[in-house]
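Trainee: I'm new to this one. Can you walk me through it?

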Amino acid sequence: MGVGEVMCVRIRLNGKDVSLPDGMTVLDLVRHYELDGEPVAIERNGQIVDRQAFEGEVLQDGDVIEMVRFVGGG
Amino acid sequence: MEPFVIAGRSFNSRLMVGTGKYESLEVMREALDASGAEIVTVAVRRVNLDARETSILSYIDLQRYTLLPNTAGCHTAEEAVRTARLARAAGLSNWIKLEVIPDDGTLLPDPIATVEAAEILVKEGFVVLPYTTDDHVVARRLLEVGCAAVMPYGSAIGTGRGLEAVERIARIVDEIRGRVPVVVDAGIGAPSDAALAMETGADAVLVNTAIARASDPVVMARAMRLAVEAGYLARRAGRIPRSSVPSPSSPEAGVVGRS
């Protein structure tokens, strides 16, 4: 890491490679996508993340995240 | 109508409605209202990272409606279990409409995978409403593993072909003997199909496409509501049998001019 470079984490989010600032939590992620007003569910590396734990889980390089919401369906 | 009891909860409406395929969320909201439904289904999908989308929940009053998330799109039991867990993790409901549909071309459920997934989810404390075939033995197995209802199709999702095998639905009703509700789900095309399902002994029906894709979804929702009530009452009223012997409805004696 050189002087002046921003530290980031690279995660796979909903099947896409995304770079985010280091230190972001799951809650930050939800807020970043403007979802904190609605029910969402998060899976991190195959495990459900409890909503109470969103704030405490810090995203790590290589994390695979699924972030889902409710949509219309039969 | 007697209350519709499912998973220990009592409802007035025997019409459950889906929230997919509407031309707009406003129309969906009006159609739901006209339907009198109290249980509405939703799907679980990845958040779109490229565009902010309106939440469907802002058009569904959760004080009024009970949300039933589904596992639509899941091809295997494993996918369905995973999706169900995510649906519950969103914090609104531990009810799940279990769908395990391996072929997007037929949209018919895999009954074996459905029973497997149902068993897992029941053990994890879900209230499982399985979308299933019209096979009464599969219905029996779903009941045995602890499902809160059985939901056989009338015909494939979105086809509007009505009840393709009425006698098989009747056989499921006989098999289940009221231990859990039987809900005909999928393939309803017109209110007459919904009425027939209720006349056949179903406890409720679930309709999506027939309302959402009708020319006037709000009026169709109302028609479905009336049809479900008509069919329910007809079942209680005890219809006449189908007979091959005609019998007149007017007296035979006293016809003018008869010698």
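Mentor: From the N terminus on, chain A runs β-β-α-β-β-β. That gives 1 helix and 5 strands. Helices (H or I, at least four residues) and strands (E, at least two) are DSSP runs, numbered from the N terminus. This is a predicted model: local features need pLDDT of at least 70, side-chain atom pairs count only at pLDDT 80 or more, and totals for chains, interfaces and linings use all residues. Residues are numbered from 1 along each chain as its sequence is written, while chains are lettered from A and ligands numbered from 1 in the order in which they are written.

Trainee: What box do the C-alpha atoms of chain A fill?

Mentor: Roughly 55 × 25 × 20 Å, taken along the principal axes.

Trainee: And how much of chain A is buried?

Mentor: Buried residues make up 26% of its 74 residues. Buried takes 20 or more other C-beta atoms within 10 Å of a residue's own, exposed 12 or fewer, and partly exposed is in between; C-beta atoms are placed from the backbone.

Trainee: How many residues of chain A are in contact with chain B?

Mentor: 22 residues of chain A are in contact with 30 residues of chain B. Contact means C-beta atoms, placed from the backbone, within 7 Å.

Trainee: Which element of chain A gives the most to that side?

Mentor: Strand 5 of chain A, with 7 residues. Strand 3 (40-44) and strand 5 (64-72) of chain A are the elements that give two or more.

Trainee: Where does Gly73(A) lie?

Mentor: In the segment after strand 5 of chain A. Gly73(A) counts as buried because 24 other C-beta atoms lie within 10 Å.

Trainee: What does Gly73(A) touch?

Mentor: Leaving out residues up to four places away in sequence, Gly73(A) touches residues of chain B including Gly18(B), Thr41(B) and Asn70(B).

Trainee: Switching to chain B. At what angle do helix 2 and helix 3 of chain B pack?

Mentor: About 35°, with axes 9 Å apart. Helix 2 covers residues 77-89 and helix 3 covers residues 111-123. By class, their contact has 8 nonpolar, no polar and 1 charged residues.

Trainee: And how do helix 6 and helix 8 of chain B cross?

Mentor: At roughly 25°, with axes that come within 7 Å. Axes are lines fitted to C-alpha atoms, for helices over the stretch in contact, and angles run from 0 to 180 degrees between N-to-C directions. Helix 6 and helix 8 of chain B are therefore roughly parallel to each other. Their contact divides into 14 nonpolar, 2 polar and 2 charged residues.

Trainee: Which residues touch the most other members of the largest nonpolar core?

Mentor: Leu98(B) and Val205(B), in a core of 98 residues. Helix 8 of chain B gives the largest share of this core, 7 residues. A nonpolar core is a set of buried Ala, Val, Leu, Ile, Met, Phe, Trp, Tyr and Cys residues joined through C-beta atoms within 7 Å.

Trainee: What is Leu98(B) in contact with?

Mentor: Setting aside neighbours within four places in sequence, its contacts include Ala80(B), Ala84(B), Ala117(B) and Leu121(B). Those residues also take part where helix 2 of chain B meets helix 3 of chain B.

Technical notes:
Parallel < 35°, antiparallel > 145°, perpendicular 65-115°, else oblique. Nonpolar A, V, L, I, M, F, W, Y, C, P; charged D, E, K, R; others polar. Contact = placed C-beta atoms within 7 Å.
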